[in-house]
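Student: Could you take me closely through one part of this model, a single helix and what packs over it? After that, please widen the view to the rest.

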There are 2 protein chains.
Amino acid sequence: MKEKIAVGIDIGGTNTVFGFVTETGEVLHEGKIKSKGHKNVNDFVILLTTTIKKILNFELNHFDLAGIGMGAPNGNYYSGSVEYAPNLEWKGIIPFVQLIKDHFDVPVILTNDANAGALGEKLYGGAKNMNDFIFITLGTGLGSGIVSGGKLIYGHDGFAGEIGHTFAVHNGRACGCGRKGCLETYASATGIVNTVKELLNNCETDSSLRGVENGKLNSYLIYQEAKKGDKLAIEAFDFTAKILGRTLADSVAYTSPQAIFLFGGLANAEDLLLKPVKHYLEEYILNIYKDKVEILSSQLKNGQAAVLGAAALIWNEV
Amino acid sequence: MKEKIAVGIDIGGTNTVFGFVTETGEVLHEGKIKSKGHKNVNDFVILLTTTIKKILNFELNHFDLAGIGMGAPNGNYYSGSVEYAPNLEWKGIIPFVQLIKDHFDVPVILTNDANAGALGEKLYGGAKNMNDFIFITLGTGLGSGIVSGGKLIYGHDGFAGEIGHTFAVHNGRACGCGRKGCLETYASATGIVNTVKELLNNCETDSSLRGVENGKLNSYLIYQEAKKGDKLAIEAFDFTAKILGRTLADSVAYTSPQAIFLFGGLANAEDLLLKPVKHYLEEYILNIYKDKVEILSSQLKNGQAAVLGAAALIWNEV
């Protein structure tokens, strides 16, 4: 019998990446196409499926295709559609599962990118032996996937797990969602840039970030300067960690996870972010949860995480 | 074959009530003993189990005992123990499941009272056809049980679902847990009494509650005066609803429930609490969840809810 293989697809705002993943998490082939610039979504799907089929035809002597998993912003597990994703070119409700099924006669599963990441962490990352954990992506925004009793929490409509849009600061920063004070306006790459801008405006502290052109200030630069000892950059990390740690204390009161995984560029800032997040989590957490919850950086490789997570959707159900 | 019956036990701070419940939710016998005043927990268990056995022996010609379900503050589903319950006389860790099993050779299951209530709502109340909902008890404090994908969320340690101890107001009212601003310091019988006291101190509004002796001010009186049109009492309900509705907007972002059930005396205040909670929930909720979540009062009968919920633990697993 031939070995089974799953295709994982991650549809992002700029690029769509895909990979052929074995059940043990080996990524055999990877590829990508641009998400933008297609006449319509059908043209995008035709390019995507033809590109995948070329590789697949080459591999079908060795493998059977078990299914196709997809992660996408606002991807809905139940409806199989991407619904009103702000960062994608195609507006409204896009029935991606059906569009892909028109080209492949295999199970096709869609969910949002953070949920896919959470499953990837469970199958191939640091959550292999965990049934209760939270997976947080710190990127432009803050995404989250919550696993409880071994299963992703989808909610009755497929949209559960939006910790980035819980209130971290009442009447706080304006969020893209139209509300104020959402966690992702503080704890994200965008959030820490805005924190630095606020600190630069509100204090006189000397900082190497003071000279940086507005458009060139980004989270990686803040990270580099903080590593070098820049006080304002360090303060920005500490502030971010405090808001995130305090909000995660609430998260724990909901699902009592064994660990919270942080994923994305900022999550690599061990001393600057992970340790202070843990510190503030313990400061704010309810006593019954004290010293029980680990704050860990994701063990998924940055370049492969999205594809592994999307493929995990198939391996999790097959 | 004889019909099966479950015993539901609810261990409260003052009384412990129990009942014999059929699978369809009919309560055949009810009884209660005092929780307080026993020499030790063994004496309490002996009195409880002998009382139950007397009724059981009478009924064993007609029924087989399927199991015993227990709800208790800080009851832990995994360990079978009540752990450091502030309102019970017995301190530390009390292994109630084992203590009951010493007297009955049937499955014995324990969880906290709000979780038991949530299961009761699912089996016998308004959540019969729901797989995703939240059950909130508004009593002295605020308890919660969260059902996701048809199952109670227990978390890795059995203590998930403490929405009463999420931060509703940062640096807000002092909570019994030692932290500040927990939801239950606002949204509970105690919370609304404190809200009225604050309003009486901070404003000149004429109110029939102004003359009430300190010890006699309670949530039912506030409810009665609000019904009569007392502006300050109405304002207290509105404030409570605002804090609760706003915090529940966060709850929805975690588990995306179909409905949130409110249980307890305050939950009967349809126009004064339920409707405004719904109003504020919709005001604060993330747009993808708008107009999807119902705010409902529990359909469990107040007097039988605890016993039904505890028995539901058995019927849910058998």
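Tutor: Let's start with what lies over the buried side of helix α5 of chain B: the cover includes α4 (189-202), α6 (231-255) and α7 (270-284) of chain B. Everything here is a predicted model, in which local features need pLDDT of at least 70 and side-chain atom pairs count only at pLDDT 80 or more, while totals for chains, interfaces and linings use all residues. Residues are numbered from 1 along each chain as its sequence is written, and chains are lettered from A and ligands numbered from 1 in the order in which they are written. Helices (H or I, at least four residues) and strands (E, at least two) are DSSP runs, numbered from the N terminus.

Helix α5 of chain B spans residues 219-228, and its buried residues are B:Ser219, B:Ile222, B:Tyr223, B:Glu225 and B:Ala226. Buried means that 20 or more other C-beta atoms lie within 10 Å of a residue's own; 12 or fewer makes a residue exposed, anything in between partly exposed, and the C-beta atoms are placed from the backbone. An α-helix has 3.6 residues a turn, so residues three or four places apart point the same way. Just after α5(B), B:Gly229 takes a positive phi of about 105 degrees.

A:Asn218 sits in the loop between α4 (189-202) and α5 (219-228) of chain A. It is partly exposed, having 16 other C-beta atoms within 10 Å. Leaving aside neighbours within four places in sequence, A:Asn218 is in contact with A:Ala189 and A:Val193, where contact means C-beta atoms, placed from the backbone, within 7 Å.

How is the contact between the chains made up? Chain A and chain B each give 32 residues to it. On the side of chain A that touches chain B, β9 (142-148) and α6 (231-255) of chain A each supply at least two residues, and α6(A) gives the most, with four. That side divides into 13 nonpolar, 13 polar and six charged residues; Ala, Val, Leu, Ile, Met, Phe, Trp, Tyr, Cys and Pro count as nonpolar, Asp, Glu, Lys and Arg as charged, and the others, Gly among them, as polar.

Two loop residues are worth a look as well. A:Gly155 lies in the loop between β10 (151-152) and α4 of chain A and is buried, with 27 other C-beta atoms within 10 Å. Beyond its neighbours within four places in sequence, A:Gly155 is in contact with A:Ala160, B:Asp132, B:Thr255, B:Ser256 and B:Pro257. In chain A, A:Ser256 is found in the loop between α6 and β11 (259-263). A:Ser256 has a phi near 40 degrees, a positive value in a residue other than glycine, and is buried, with 24 other C-beta atoms within 10 Å.

Finally, the chain as a whole. Chain A is divided into domain 1 (3-122 + 303-317) and domain 2 (130-297), with bounds that come from an automatic or database domain assignment. Their centres, taken over C-alpha atoms, are 28 Å apart. The contact between them takes 15 residues from domain 1 of chain A and 16 from domain 2 of chain A. Helix α3 (residues 113-124) of chain A gives the most to the domain 1 side, with eight residues. By class, that domain 1 side has seven nonpolar, five polar and three charged residues.

How values were computed: Two residues are in contact if their C-beta atoms, placed from the backbone, lie within 7 Å.
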